Amino acid sequence: MTAALAVVADRLIDGTGRDPIEQAAVVVVDGRIDAVGPRASLRIPDDARVVEGDDLTLVPGFIDAHVHLAMQSGVDYGRLLMTQRSMQLLMAVPNSAVTLAAGVTTVRDAGLSPASVRDAIDAGYFPGPRCQMAVSILSQSGGHGDPTMPCGCELYLDCGMDIPDARVDGVDMMRRRVREVLAAGADWIKLCTSGGVLSPHDTPDAAQFTVAEIEVAVEEAAAQGKRVMAHAMSTAGIKHALRAGVTSIEHGCFLDDEALALMKEHDAWLVPTLVAPRDVIAAGGEGRTIPEPMVAKARAVSEAHMESFRAAVAAGVNIAMGTDSAVGPHGGNLRELALMAEGGMSPLAVITASTREPARLLRRDADLGTLEAGKLADIVAVQGDPLADLGILAAPDRVRLVLKGGAAAKDTLTGA
Ligand SMILES: [Zn+2]
């Protein structure tokens, strides 16, 4: 047993949705939370190392349910042409490190990263968040995940190692490909049931894959205890995915009343990624190489996307925070939270949707997502009160301490 660690703060938001605890402390023993509560009523062991700072708020480690760790930050097609595919994989190392340092202690990688990224982080080869992996982004030919460009070249966004080919057509091929992706170590099956922004041949308001194709993916995943996440922007693509039994709708830009009712009926999840279209638009404005039709698609979905999110919040749909980082910079994940508040969530609900809720989506809520005794000590200390201004969570110098399983991934409080 290692010596206990106590983190003392002005306030603590435990991730359950309960009101903050003022003048709080958390005691960590052997990587888990031993006790949490008001400082005055907590017994801090005599030999505990005590960490404290000015105006600190403690929150659970954040969980981003949609990232792409093995993809370089920011979209730039010119740069992509000049980047070796092995470099895409190597970039997972710094990308993982900055994600963790930003306070994101768990992610779901929504494809383009091999499962070895998860395993290498777990083995301690480099710092990074806990990961669940989708590996491939399955797509119909000409769909959102097809790397073929109009010029005929294939422009791959992934490293090409241990990632089964994206293109799938027909139920038999889907059955086989899902089995291949699971054999490659995937925790999730990711497929595209609509067009998207960063794809040359389709539009976000079109559906992709037949319901029969999606159903067979859900069936094969379930046979191995796994679930399906769908890139689904269009109304029809969202409904097809839900009717076929998909667990989470990624982006969900065009939700109508029937789609919202289906989400409730199926107890499905929305992973909004509100920041992603904004990051595509910004990339266009920053002089990076991004085809104008893609920027135009981002502009076209951005407003409907926010309105859909607002309707989902009002309808009480399950919502888990996600960002689509690499579309924006890795480590900038928590910029999403202020946008969620803009879309009608209370700041406290935003924190819950970024901690306990994604832990439930990932079925890791027994260990992660809240600051409660017995859970893994994934703890973030931020300077200031995020309920007064969620924007501070996205400021690197405000994130003073990040603990993952009780080990400091970032610490500017003790200089350790
Ligand atoms: Zn994505």
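How many residues lie between β2 and β3 in their hairpin, and which residue in the turn has a positive phi? Two residues separate the strands, and Asp 30 in the turn has a positive phi of about 50°. Strand β2 (residues 21–29) and strand β3 (residues 32–38) pair in the antiparallel sense over six bridges. One of the bridges joins Ala 24 to Pro 38 in β3. Two strands are said to pair if DSSP finds at least two bridges between them. Helices (H or I, at least four residues) and strands (E, at least two) are DSSP runs, numbered from the N terminus.

This is a predicted model, in which local features need pLDDT of at least 70, side-chain atom pairs count only at pLDDT 80 or more, and totals for chains, interfaces and linings use all residues. Residues are numbered from 1 along each chain as its sequence is written, and side-chain values use heavy atoms, with hydrogens and water left out.

**Zinc site**

The zinc ion is coordinated by His 66 (NE2), His 68 (NE2) and Asp 324 (OD), at 2.0 to 2.1 Å. Donors are N, O and S atoms within 2.8 Å of the metal (3.2 Å for Na, K and Ca); water is not among the atoms, so sites may look incomplete. Along the chain, the donors of the zinc ion follow the spacing H-x1-H-x255-D. Distant parts of the chain are linked here: His 66 belongs to strand β6 (residues 62–67), while Asp 324 is in the loop between β14 (318–319) and α11 (335–342), 258 residues apart. Both His 66 and Asp 324 are buried, where buried means under 20% relative accessible area, exposed over 50% and partly exposed in between (1.4 Å probe, protein chains only).

Strand β6 is mostly covered, with six of its six residues buried. An open sheet of three strands has the order β6-β7-β8, with parallel pairing. Since β6 and β8 (130–133) stand at the edges and each has a single partner strand, one side of each is left without a neighbour in the sheet. Neighbouring strands of this sheet are turned by 15° against each other on average, direction ignored. Here axes are lines fitted to C-alpha atoms, for helices over the stretch in contact, and angles run from 0 to 180 degrees between N-to-C directions.

Six strands form another open sheet, in the order β9-β10-β11-β12-β13-β14, also with parallel pairing. Its edge strands are β9 (137–138) and β14, each with a single partner strand, so one side of each lacks a neighbour in the sheet.

| β6 and β7 (104–109) | four | Phe 62 with Val 104 |

**Helices**

The 13 residues of helix α6 (residues 211–223) should span 18 Å at 1.5 Å a residue, and its end C-alpha atoms are 18 Å apart, which agrees. The expected span is 1.5 Å times one less than the number of residues. Buried residues of α6 include Ile 214, Val 218 and Ala 221. Among the elements covering the buried residues of α6 are α5 (171–183) and β10 (188–192). Gly 225, with a positive phi near 70°, follows α6.

The axes of helix α9 (residues 275–285) and helix α10 (residues 292–315) come within 8 Å and cross at roughly 145°. Their contact (heavy atoms within 4.5 Å) includes Pro 277 and Ile 281 of α9, and Val 295 and His 305 of α10.
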